[in-house]
Amino acid sequence: MPFARLAAATTPTCHLGLGLAAVGRPGYINLGRDRDLGADRGVETLRTRTRELLDAAYAQGVRYFDAARSYGRSEEFLADWLRARPEADDVVVGSKWGYTYTAGWTTDAEEHEVKDHSVQTYERQRAETAELLGDRLDLYQIHSVTPDSPALTDKELHTRLAEAAARGVTVGFSTSGPAQADAIRAALAVTVDGEPLFRTVQSTYNVLETSAAPALAEAHDAGLTVIVKEGMANGRLADPYAPQALKDVAAEVFLGCDAVALAFVLRRPWAGVVLSGAATAAQLASNLHAAVVDLDEEQLAALAALAEDPREYWERRAALPWH
């Protein structure tokens, strides 16, 4: 398991990762994006921004970087950085397949990505990822598995994924939607030749959406590395959008709402890696303070009380505009 490299690390930030969804393409659903990125979102501008973020993250102890085929040119940008930083041989690199980026580097496309978990899409996207990341790819995940995903029942796909695992690539899956727990439990039951197929799970978990917690604990107990995405709820937990209870706790610990929100996630005993989705170096530095936030039981209870009904949470997320 490549995540053994993180277990050997001693920096406070080694269990925080950097996700590239917000900077690998010009449009995304994070709040405050216009302020974060500005008007110039050309390929070279975002390539430079991604390089600067990766440099800053690595310098501050971050060792997991997360991309996807549907995150525009995120794999390309990450591959460029890896080639320029051969000394960064201790990082863990993850990517995802299952969505195809279709926005054509615009922010107003009718459809930004198309989901398809077929064997054919896997083979095509695996080749595309291999061309960019080569043997630097450690983890390849099925993107956004839901309980009805054919990826949970397609035996041919399972065989192909097991073959990739035998060649040294860790195989995992990510989840989304109000039934994340059901998808996680179904994936835990997938085996090939009597052995569990998946070794990692990446799920949405934050103070507003906590419904997957019991299933993530089960995944951790089964030996999977748990990666947490959207700890900032696509910007809903950052100033100025954060709920008042979160702002109050942030004021008490003299840090940003973002650091407190991510610290809440880091406190989960099953959380192996918690992703920052920062779009600026300042955001990243603030996010990484999560590693040293000390929350007492009263503060944790105040944050836990913010949890929403998962269906309402995901309906609100689906309504966020692509900026």
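Strand 6 (residues 139-145) and strand 7 run parallel and are joined by five bridges, where two strands are taken to pair if DSSP finds at least two bridges between them. V145 stands opposite T175 in strand 7. The model is a predicted one, in which local features need pLDDT of at least 70 and side-chain atom pairs count only at pLDDT 80 or more, while totals for chains, interfaces and linings use all residues. Residues are numbered from 1 along each chain as its sequence is written, and side-chain values use heavy atoms, with hydrogens and water left out.

Strand 7 (residues 170-175) is mostly covered, six of its six residues being buried; buried means under 20% relative accessible area, exposed over 50%, and partly exposed in between, with a 1.4 Å probe and protein chains only. In a regular strand the side chains alternate between the two faces of the sheet. Here T170, G172 and S174 point one way from strand 7, whereas V171, F173 and T175 point the other way, and all are buried. Helices (H or I, at least four residues) and strands (E, at least two) are DSSP runs, numbered from the N terminus.

A search of the whole structure finds 21 salt bridges, each defined as a side-chain nitrogen of Lys or Arg within 4 Å of a carboxyl oxygen of Asp or Glu. Three of them are listed here.

| E75 | R69 | 2.5 Å |

E218 is partly exposed, with a relative accessible area of 35%, and R185 is partly exposed with a relative accessible area of 35%. Salt bridges that share partners also join E44, R47, R73, E76, D80 and R83 into one network.

On the surface, D248, E252, D294, D296 and E298 gather in a patch of negative charge, a patch being made of residues with over 30% relative accessible area and no salt bridge, with like charges joined within 9 Å. D294 lies in the loop between helix 11 (281-288) and helix 12 (297-304), and D294 counts as exposed because its relative accessibility is 65%.

How values were computed: Patches are made of residues with over 30% relative accessible area and no salt bridge: like charges are joined within 9 Å, nonpolar side chains (Val, Leu, Ile, Met, Phe, Trp, Tyr) within 5 Å. Accessible areas come from the Shrake-Rupley method with a 1.4 Å probe; for residues, only the protein chains shown count as cover. Lys and Arg count as positive and Asp and Glu as negative; His and the chain ends are not counted. The place of a charge is taken as NZ of Lys, CZ of Arg, CG of Asp or CD of Glu.
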